[in-house]
2 protein chains.
Amino acid sequence: MLVVLRLGHRPSRDKRATTHVALTARALGADEVWVSTKDGMLERTINDLVTRFGGGFIVRTGVKWRDAIKSWKGSVVHLTMYGQHLQEALRELERMNEQDMLIIVGAEKVPREVYELAHLNVSIGNQPHSEIAALAVFLYAALGDAPLYRKLNSRLTVIPNPRGKTVVDEGRSGSDDYSRP
Amino acid sequence: MLVVLRLGHRPSRDKRATTHVALTARALGADEVWVSTKDGMLERTINDLVTRFGGGFIVRTGVKWRDAIKSWKGSVVHLTMYGQHLQEALRELERMNEQDMLIIVGAEKVPREVYELAHLNVSIGNQPHSEIAALAVFLYAALGDAPLYRKLNSRLTVIPNPRGKTVVDEGRSGSDDYSRP
């Protein structure tokens, strides 16, 4: 089980960034996203998408982050530009050999306690960038390509196409164009 | 030369997402980001960060995207959930063996013409997610770890630290904590 825990989400300001975090988690192989602030609108956005595009991805908001981290049974990885190198961290994770992983990504400033509660603080580069990008690279480096092209049981299926858009809609006949959600 | 071209940026709505795109481009090894809409505030944000954290990253806004693509001398890659598989695309890029690459990422709906002008339409997974995540995975898959931990000539340097934050500020003595920009 692979869960992404998003800290410091402010519904008004971070709506889009946290939606990106959730969709990145889903597309790159996580099972759930937990958000530390209650946000019903975010839940609806993600649940609607899961209904259309399939899979069993779960979103929870209003999660008490300290309890969630302390009671987690597997490894806890915090992504931050201040942590240790990615490849070093991946080797340590292999040694730990845990089934389950909790991956923490912050919005703005992350409480010092998070650095202490995490087994690993991992930097996806030591330059300021994006927690969405950091999550994407970490998941891709840890899990590889496999989750990217898995077939989900869904109403809508996107077929790879080098020259355009092909989306099969099981709810209708034929294929059609869809813009992104 | 590696340039990221961001299409469809609306300064009010997309400020943060495009900032994420620009910082992701910089952290993962691109040389420049070009944005199709004029946005002086975005330019200042990125330029301030480059001043503090170093490197020669360049941001241009108000770039005419059609001209930019048509006059580009190297390969043109468009990231979209509708394109061909990543590994397939990386093999084609190796065959093309171009020095320079233009990577296009959209905001919302991308004009059909972009699909036709690009040499490759590449999907980082065929699930809806984030253009920031797609850019991050593409750059990481194409360039590897090297750009992530390169040493830039800068006032501020982040030192990897498994248990906290270490930032060396050449403009002051000692080290200090900085939150993200």
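A:Tyr149 sits in the loop that joins helix H6 (131-143) to strand S7 (156-158) of chain A. Helices (H or I, at least four residues) and strands (E, at least two) are DSSP runs, numbered from the N terminus. The structure is a predicted model, in which local features need pLDDT of at least 70, side-chain atom pairs count only at pLDDT 80 or more, and totals for chains, interfaces and linings use all residues. Residues are numbered from 1 along each chain as its sequence is written, while chains are lettered from A and ligands numbered from 1 in the order in which they are written.

A:Tyr149 is partly exposed, because 16 other C-beta atoms lie within 10 Å. A residue is buried if 20 or more other C-beta atoms lie within 10 Å of its own, exposed if 12 or fewer, and partly exposed in between, with C-beta atoms placed from the backbone. Leaving aside residues up to four places away in sequence, A:Tyr149 touches B:His85, B:Gly125 and B:Asn126. Two residues are in contact if their C-beta atoms, placed from the backbone, lie within 7 Å. A:Pro160 is eleven residues from A:Tyr149 in sequence, and the two C-alpha atoms are 9.3 Å apart in space.

## How the two chains are related

Chain B is superposed on chain A by a rotation of 180 degrees with 0.0 Å of shift along its axis, giving an RMSD of 0.0 Å. The two copies are thus related as by a two-fold rotation axis. Such a superposition is done by least squares on the C-alpha atoms of residues with pLDDT of at least 70 in both copies. Among the residues of chain B, B:Ala133 comes closest to the rotation axis, with its C-alpha at 2.4 Å.

## The interface between the chains

In the interface, 48 residues of chain B are in contact with 49 residues of chain A. On the side of chain B that touches chain A, two or more residues come from each of helix H1 (11-27), helix H2 (40-53), strand S4 (75-85), helix H4 (86-96), strand S6 (120-123) and helix H6 (131-143) of chain B. H1(B) gives the most to this side, with seven residues. By class, this side of chain B has 23 nonpolar, 17 polar and eight charged residues. Ala, Val, Leu, Ile, Met, Phe, Trp, Tyr, Cys and Pro count as nonpolar, Asp, Glu, Lys and Arg as charged, and the others, Gly among them, as polar.

The copies meet through the same surface, because 100% of the interface residues of chain B are also interface residues in chain A.

## Two domains in chain A

Chain A is divided into domain 1 (2-150) and domain 2 (151-181), with bounds that come from an automatic or database domain assignment. The C-alpha centres of these two domains of chain A are 27 Å apart. Six residues of domain 1 of chain A are in contact with seven residues of domain 2 of chain A. The side of domain 1 of chain A that touches domain 2 of chain A has two nonpolar, two polar and two charged residues.

## Helix H2 of chain B

H2(B) has 14 residues, and its first and last C-alpha atoms are 20 Å apart, close to the 20 Å expected at 1.5 Å a residue. The expected span of a helix is 1.5 Å times one less than its number of residues. B:Leu42, B:Ile46, B:Leu49 and B:Phe53 are buried in H2(B). They cover an arc of only 60 degrees around the axis, which puts them on the same side of H2(B). The arc is that of the directions from the helix axis to the C-beta atoms. An α-helix has 3.6 residues a turn, so residues three or four places apart point the same way.

The buried residues of H2(B) pack against H1, strand S2 (32-35), strand S3 (58-61) and strand S7 (156-158) of chain B. On the face turned away from the buried side of H2(B) are the exposed residues B:Gly40, B:Met41, B:Arg44, B:Asp48 and B:Thr51. After H2(B) comes B:Gly54, whose phi is positive, near 90 degrees.

## Helix H6 of chain A

H6(A) is mostly covered, with ten of its 13 residues buried. The buried residues include A:Ile132, A:Leu135, A:Phe138 and A:Tyr140. H6(A) is followed by A:Gly144, whose phi is positive, near 75 degrees.

## A positive phi at Asn97

Most residues other than glycine have a negative phi. A:Asn97 is not a glycine, yet has a positive phi of about 55 degrees. A:Asn97 is in the loop between H4 and strand S5 (101-105) of chain A, and counts as exposed, with 8 C-beta neighbours inside 10 Å. In chain B, B:Asn97 also has a positive phi of about 55 degrees.
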